[in-house]
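Here are my notes for you, colleague to colleague. Have the structure open as you go through the points.

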Amino acid sequence: MSEAKRIQLNVRIANETSKMLDEIVEYYQQNTKLGRIYKGDVLTDIIEKSYEVMKKQQNANKKF
């Protein structure tokens with residue numbers, strides 16, 4: 001991840017969603033060898049993976 005081109009997002013989420021994010025961050029922390037994991041890193045990873053899935057689905061839909 002490029003540190004130079006980062007923006008800050010301020011969003012409001014439900015407490016339950018925040019707890020889920022905390023669990024996901026904990027999971028990443030325990031199962032990766034990258035050192036300290038931050039919420040922003042986890043959210044970036046989730047968004048990038050979701051984006052890839054979305055693009056594949058869009059391309060699959062275009063074939064039909």
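Which side chain does D45 meet in a salt bridge? That of K49, at 3.0 Å, N to O. Please keep in mind throughout that this is a predicted model.

1. **The pair within α2.** D45 and K49 both belong to helix α2 and sit 4 residues apart, about one turn of the helix. D45 is among the buried residues of α2, whereas K49 is partly exposed, with a relative accessibility of 46%.

2. **The other salt bridges.** The whole structure holds 3 salt bridges. One of them joins the side chains of D41 and R6 at 3.4 Å, N to O. This pair links distant parts of the chain, since D41 is in helix α2 and R6 in the segment before α1, 35 residues apart. D41 is buried because its relative accessible area of 17% falls under the 20% cut-off; R6, at 39%, counts as partly exposed.

3. **A tie between the helices.** The side chains of K39 and D22 also form a salt bridge, at 2.9 Å, N to O. K39 lies in helix α2 and D22 in helix α1, so this pair ties together parts that are 17 residues apart in sequence. K39 is partly exposed at 39% relative accessible area, and D22 is partly exposed at 35%.

4. **The core.** The largest nonpolar core has 5 residues in all: L21, V25, Y28, I37 and V42. Helix α1 (residues 15-31) supplies the largest share, 3 residues. Leaving out residues up to four places away in sequence, V42 touches L21, I24, V25, Y28 and I37. As general background, nonpolar side chains in soluble globular proteins tend to be buried together.

5. Helix α2 covers residues 39-63, and its 25 residues should span 36 Å at 1.5 Å a residue. The end C-alpha atoms are 36 Å apart, so the model agrees with that expectation. The buried residues of this helix are D41, V42 and D45, and the buried residues of α2 pack against α1.

6. **What is on the outside?** I7, L9, V11 and I13 make a nonpolar surface patch of about 480 Å². L9 lies in the segment before α1 and counts as exposed because its relative accessibility of 65% is over the 50% cut-off. N15, which is in helix α1, is exposed too, with a relative accessible area of 63%. From N15 to Q30 the C-alpha to C-alpha distance is 23 Å, for 15 residues in sequence.

Key. Residues are numbered from 1 along each chain as its sequence is written. This is a predicted model: local features need pLDDT of at least 70, side-chain atom pairs count only at pLDDT 80 or more; totals for chains, interfaces and linings use all residues. Side-chain values use heavy atoms; hydrogens and water are left out. A nonpolar core is a set of buried Ala, Val, Leu, Ile, Met, Phe, Trp, Tyr and Cys residues joined through side-chain atoms within 4.5 Å. Buried means under 20% relative accessible area, exposed over 50%, partly exposed in between (1.4 Å probe, protein chains only). Helices (H or I, at least four residues) and strands (E, at least two) are DSSP runs, numbered from the N terminus. Contact means heavy atoms within 4.5 Å. Patches are made of residues with over 30% relative accessible area and no salt bridge: like charges are joined within 9 Å, nonpolar side chains (Val, Leu, Ile, Met, Phe, Trp, Tyr) within 5 Å. Accessible areas come from the Shrake-Rupley method with a 1.4 Å probe; for residues, only the protein chains shown count as cover. A salt bridge is a side-chain nitrogen of Lys or Arg within 4 Å of a carboxyl oxygen of Asp or Glu. The expected span of a helix is 1.5 Å times one less than its number of residues.
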